[in-house]
Amino acid sequence: MTHSTTARAGATSRNPANGEVLKHYPFATAQEVDAALQGTQVAFNRWKDSSMGDRVRLLKNMAQGLRDSASALAEMMTSEMGKPVTQALAEVEKSAALCDWYAENGPAMLAAEPTLVEDDKAWVNYLPLGPVLSVMPWNFPIWQVLRGAVPIILAGNSYLLKPAPNVMGSAYLLRDVVTKAGVPQGLFDVYNADNAAVAASIKDDRIAAITLTGSVRAGSAIASMAGAALKKCVMELGGSDAFIVLADADIDAAVKGAIAGRFMNNGQICISAKRIIVEASIMEAFTEKFVAAVQALKMGDPRDESTYLGPMARFDLRDELDGQVKATLAEGATLLLGGEPLAGTGNYYAPTVLGNVQPGMTSFTQELFGPVASLITAKDADDAIRMANDSEFGLGGSLWSRDIEAAKNLAKQVYTGGMFINSPSFSDPRVPIGGVKKSGFGRELSHFGLREFTNPQTLWVEKG
């Protein structure tokens with residue numbers, strides 16, 4: 001008698017540097033999903049009444065645990081999504097510093113806040129909301145997760161993570177690391193849920209709120225479900241940030257910033273320089289220096305500490321990126337560098353620079369998630385601002401000029417969640433990150449992110 005076996009449906013992680021299958025992770029069964037939801041509810045019921053001192057101590061222990069396990073976490077990220085190892089180690093340290101920052105500054109942000117009501121009769125308490133379901137992407141498997149989880153847990157909530165399928169190993173390892181650091185069972189948990197299980201979880205009464213970082217399509221679907229269930233949600237979606245270089249800018253500094261802003265993390269960052277808009281009078285000089293700088297970037301094995309550009313994380317996304325590049329060229333753009341996948345088993349795409357990109361072209365209107373830069377010529381500063389706003393996205397942006405006061409006024413005219421003057425955009429726990437338009441809504445980090453998943457309860461006391 002013969003028996004046939006079928007592998008359980010699930011997620012498979014592959015090493016994008018060589019195409020090797022790393023591990024298959026079966027999707028959670030209905031019983032496992034229920035156990036995860038019950039566990040996060042039980043953990044919340046215990047944690048919501050914990051003291052602020054206990055929460056701060058936990059964050060400090062998490063920070064130490066991350067640093068102790070930095071090599072293992074970095075190695076896992078590099079294997080699963082191709083992040084150059086030096087950047088992976090920096091991601092772990094940034095995440096540890098996040099824990100330290102919230103441990104030091106978070107308690108004051110959650111303290112009862114006085115109001116303008118006379119005689120100190122009214123206050124606002126920031127109380128825990130409940131278990132938060134987090135649907136996260138693959139491009140920052142540690143930082144992206146913890147920049148949401150740390151303030152959520154500090155506020156007294158529990159956190160249930162649904163990771164991207166290709167970084168399940170990073171998610172489980174992170175759970176092991178924080179558990180070893182003292183995070184109570186169920187307070188930070190991971191489950192490998194399929195789409196149906198995620199939808200059911202959003203409806204489940206044991207989930208109080210949802211946060212997602214991902215594509216516009218995923219955000220629209222999840223936000224619709226959260227809205228139908230009348231649950232709070234935060235959406236950090238795609239971006240096509242403008243990187244504006246004005247005629248009076250320091251060109252060398254702007255080129256250096258554009259390289260970091262566009263090619264860090266293999267060009268796979270939501271808040272990064274995807275549309276480089278340069279005033280016409282300096283475009284030739286900027287282009288010459290920028291293309292030379294891109295040519296000098298070392299692409300190769302992400303485990304090599306000298307590598308700046310590794311492989312793209314997913315093979316299907318490389319194909320999509322190549323299609324976008326080819327479409328832009330067919331629309332009239334000029335290929336200045338790269339423009340094709342590299343031969344071999346790895347998922348490498350040649351660092352690419354597209355010149356003469358015009359509004360309406362594919363690389364202008366769509367988000368390009370990979371090592372491709374689009375150069376766009378502006379007639380003047382007003383034209384640059386107009387083109388920066390000519391996008392369905394509004395996540396971040398940069399503006400380069402020696403006239404700081406004028407740049408500050410121009411920055412306010414760009415409709416985005418953040419603008420950086422003479423710096424590429426980045427995330428920092430001291431300031432909020434989030435978008436407008438199709439880049440989403442709500443904020444992470446700073447006191448805004450800390451309070452997103454709290455109940456601002458009014459407390460009014462008549463003294464008599």
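Is Phe426 buried, partly exposed or exposed, and at what relative accessibility? I started my notebook with that one. Phe426 comes out at 41% relative accessibility, so I put it down as partly exposed. A reminder to myself: this is a predicted model.

**Entry: aromatic pairs.** I searched the whole structure and got eight aromatic pairs. I looked up Trp138 with Phe369, which make an edge-to-face pair. Where do Trp138 and Phe369 lie? I found Trp138 in the loop between β5 (132–135) and α5 (143–154). Phe369 is in the loop between α12 (362–365) and β14 (372–378). The two parts are 231 residues apart in sequence, so this pair ties them together. I also checked burial: Trp138 and Phe369 are both buried.

**Entry: back to Phe426.** Its ring partner is Phe420, and I noted that pair as tilted. I have 5.0 Å centre to centre and 50 degrees between the planes. Phe420 has 16% relative accessibility; buried means under 20%, so Phe420 counts as buried.

**Entry: a cluster.** I followed the ring pairs through Phe263, Phe286 and Phe290, and they link these residues into a cluster.

**Entry: charges over rings.** Which ring does the charged end of Arg14 sit over? I traced it to Phe315, with 4.4 Å to the ring centre. I then looked at Arg275, which lies over the face of Phe364. For Arg275 I wrote down 4.9 Å from the centre of that ring.

Technical notes:
Residues are numbered from 1 along each chain as its sequence is written. This is a predicted model: local features need pLDDT of at least 70, side-chain atom pairs count only at pLDDT 80 or more; totals for chains, interfaces and linings use all residues. Side-chain values use heavy atoms; hydrogens and water are left out. Rings of Phe, Tyr and Trp (its six-membered ring) pair if their centres lie within 6.5 Å; planes under 30 degrees apart count as stacked, over 60 as edge-to-face and the rest as tilted. Helices (H or I, at least four residues) and strands (E, at least two) are DSSP runs, numbered from the N terminus. Buried means under 20% relative accessible area, exposed over 50%, partly exposed in between (1.4 Å probe, protein chains only). A charge sits over a ring if NZ of Lys or CZ of Arg is within 6 Å of the ring centre and within 35 degrees of the ring normal.
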